Amino acid sequence: MAASSVRTGRLLALAAAAAVAIAYPIPLQLGGYTYFQTVGFLVLLNAMLGVGWNVIGGWAGQFDFGPQVFLAIGAYTAVVLFIHLGLSPWLGMLAGIALAAVVCALVTYPLTRLRGHYFAIATVAIWMIAQPIGATWEFINGSRGLFVPMKPAAGALDALVTLQFAGARKGLAYYYVGLALLALTLYGAWVVERSKLGFYFRAIRDDQEGAEGIGIDSRLYKVIARSVTAAVYGAAGVLYAFWALAVFPEQVLDLNWSVLPMMATVVGGIGRLWGPVLGAVILIPISQIMSTTLGTGPLAGRGVDLIVYGLIIIVIAAVRPTGLLSLPWGRWLRLSPAPSAPASDIGSRSGDVAARSGDVGPRSGDVASRP
Amino acid sequence: MELFVQAAVNGLQMGFLYALLAVGLTIIWGLMEMINFAHGEFLMLGMFGAWWLSTTFRIDPLLAIVPLGLVMYGLGVLIYEQLMRRVQLGDPFTQIFATVGLLFLIQNSAVAVFTSDYRFVNDTLLTRLSGAKLQILGITVGVPLLIGALVALVLFLLLYLLIDRTEFGLALQATSEDREAAMLVGIRPQRMFAVAWGLGAALVAVAGAILANFFAVYPQVGLQFTVLAYAIVALGGFGSILGTLLAALLVGVVQSVTVVYLPPAFKDAFVFASYLLIGLFRPQGLFGRF
């Protein structure tokens, strides 16, 4: 009885969230506030990246500061194919996803010898090496970047195929394309989370030696986890490139492509399916709200929004590192009547992050525990 | 060949500055096994402090290292006591979140106070000497960088003596080796961690004050040095103070030699390629003791 009411509650919450997400841009379109559709698009894009980052960072437990490399690969692949072959961005997206995942697998396999902080720095190293390549490679026009040529669409269907939308409808169209891709990503993540793969990822995160002891090849599954992340980043890169109508190396390789989704994931709840979505909905509009409230005042454009981000993430880390979704919402909202019932959260199957903390002090000593 | 030697000598001098800026991270990350992604922000604060003291009170950055070091020591201890101590006991990743949050907070507070404009210190001892050169064995050595490197080297050696030769340093190393055993012999680990954070922040801020003579001062300056410092600490063997010095010299030389033969954009890429190679094939670092 209690279990089914929780289930009903979750389905109701999901339906309500979907209804709000679908209805959100329509009054804005009618009222002419298309700017807020763009805000919505950025929320969806970062939520999608967060869901992708969560696979390597939240489930497999390997901190990744370098997935923007795969966003760049996706963006460049689709744009190059569009410029040279006139290939539809959707086919370009498939190619971008495939290339991002393959490059990720090749690059990541050696890195999986490293663990913890050392793996995190290695992902930074790959990103540092990718930057000068992007800035000097003549085939992709170096730091001058590539522009997506505008091809007037013959109709609505043609516009959807080439992802080129005219004037006032662009914000609306990209919002829904972003929503569709986010829904697809969430569905994919949900399937992975419940599959054997998802359990392998979490087993490696919780106890790598234990996982290896029961026959899980930890290096192989870390590579698979990061390639899933890379695939999501590749797809999002294509979406971003065709939205921005250009690709520049310093833009697609910006550190914020990993830091913002990471923050969104942490704020919402790391290792939880809906964590990144909740985090993105909270964090991303802060920039826009700040710039509206500060106006042209003395603090406008002075990074006040990022100060707020910093404070939020510090408070979350110090007070509730498992994120907002880990709070006992079910009990608070009276969805589960028994107060002793474990906190139930949408889509969460993983344990409490704090509960999997290992030893407390410095882990110095033997080489084996090092990378 | 002459070009190569010249580049290598310039790189060595930069290397001494890199050693000072990385050694704070060696203590926090290498010895105490805590992560700090806000390391470069302490450097940035040191640079802004030097700029502010030099433009407002005409205090030369080479003298400003004393007050800056003391203030930043206090800030480091404060950050440990108020924030890092809480996240230290939880999942290791909470340290990453907390210090990334610190990075955003400190960097953008600097933007709010100073704007993102580039600032330069001028009329200091080292900037007045700019252009002064020494000829040693046919190699040209710029005097300002040489003085900066020597100051950094002296401070570095003092720190080495502090960590390796004093009772306090031994207590710090003992805490790093085995926290419980250190407690049994009467060392308070929390205090050692606080001191490590204080020292880490002070050292990198002092390095920043010296670097302010050579680099533009702006709020986002920290990240490029943070990533370099991470590569240096890893290359040097986590926790090895002298290893940090040798790795920093290596990084300085790799950077300046790369620039001779390849576009400047690649100078950090080669540093990180060496980090990866060494991380993969010699995880204890070039000069690690374990």
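Visitor: Start with chain A. How do the axes of helix 4 and helix 11 cross?
Guide: The model is predicted. In it, helix 4 of chain A (residues 68-85) and helix 11 of chain A (residues 218-244) have axes that come within 7 Å. They cross at roughly 50°.

Visitor: What does that make helix 4 of chain A relative to helix 11 of chain A?
Guide: Oblique. An angle under 35 degrees would count as roughly parallel, and 65 to 115 as roughly perpendicular.

Visitor: Left-handed or right-handed crossing?
Guide: Helix 4 of chain A passes helix 11 of chain A in a right-handed crossing.

Visitor: Which residues make the contact?
Guide: From helix 4 of chain A, they include A:Phe70, A:Leu71, A:Ile73, A:Gly74 and A:Val79. From helix 11 of chain A, they include A:Ala230, A:Tyr233, A:Gly237, A:Val238 and A:Tyr240.

Visitor: And by class, how many nonpolar, polar and charged?
Guide: The contact of helix 4 with helix 11 of chain A has 14 nonpolar and 3 polar residues. No charged ones.

Visitor: Over to chain B. At what angle do helix 2 and helix 10 pack?
Guide: About 130° for helix 2 of chain B (residues 39-56) and helix 10 of chain B (residues 222-235). Their axes are 8 Å apart. That makes helix 2 of chain B oblique to helix 10 of chain B. The crossing is right-handed.

Visitor: Which residues meet there?
Guide: On helix 2 of chain B, B:His39, B:Gly40, B:Glu41, B:Leu43 and B:Met44. On helix 10 of chain B, their partners are B:Gly222, B:Leu223, B:Phe225, B:Thr226 and B:Ala229. By class, this contact has 5 nonpolar, 4 polar and 1 charged residues.

Visitor: Strands now. In which sense do strand 1 and strand 2 of chain B pair?
Guide: Antiparallel, over 4 bridges. Strand 1 of chain B covers residues 133-136, and strand 2 of chain B covers 139-142. B:Gln135 stands opposite B:Thr140 of strand 2.

Visitor: What about phi at B:Leu137 in the hairpin?
Guide: B:Leu137 takes a positive phi near 55°. The hairpin has 2 residues between the strands.

Visitor: Last one, back in chain A. Where is A:Asp254?
Guide: In the loop between helix 12 (249-252) and helix 13 (256-268) of chain A.

Visitor: Why does A:Asp254 count as partly exposed?
Guide: Because A:Asp254 has 15 C-beta neighbours inside 10 Å. Buried needs 20 or more, and exposed needs 12 or fewer.

Visitor: How far apart are A:Asp254 and A:Gly198?
Guide: 29 Å in space, C-alpha to C-alpha. In sequence, A:Asp254 and A:Gly198 are 56 residues apart.

Definitions and conventions:
Residues are numbered from 1 along each chain as its sequence is written. Chains are lettered from A and ligands numbered from 1 in the order in which they are written. This is a predicted model: local features need pLDDT of at least 70, side-chain atom pairs count only at pLDDT 80 or more; totals for chains, interfaces and linings use all residues. Axes are lines fitted to C-alpha atoms, for helices over the stretch in contact, and angles run from 0 to 180 degrees between N-to-C directions. Angles under 35 degrees count as roughly parallel, over 145 as roughly antiparallel, 65 to 115 as roughly perpendicular and the rest as oblique. A crossing is left-handed if the near helix is turned anticlockwise from the far one by less than a right angle, and right-handed if clockwise. Two residues are in contact if their C-beta atoms, placed from the backbone, lie within 7 Å. Ala, Val, Leu, Ile, Met, Phe, Trp, Tyr, Cys and Pro count as nonpolar, Asp, Glu, Lys and Arg as charged, and the others, Gly among them, as polar. Two strands pair if DSSP finds at least two bridges between them.
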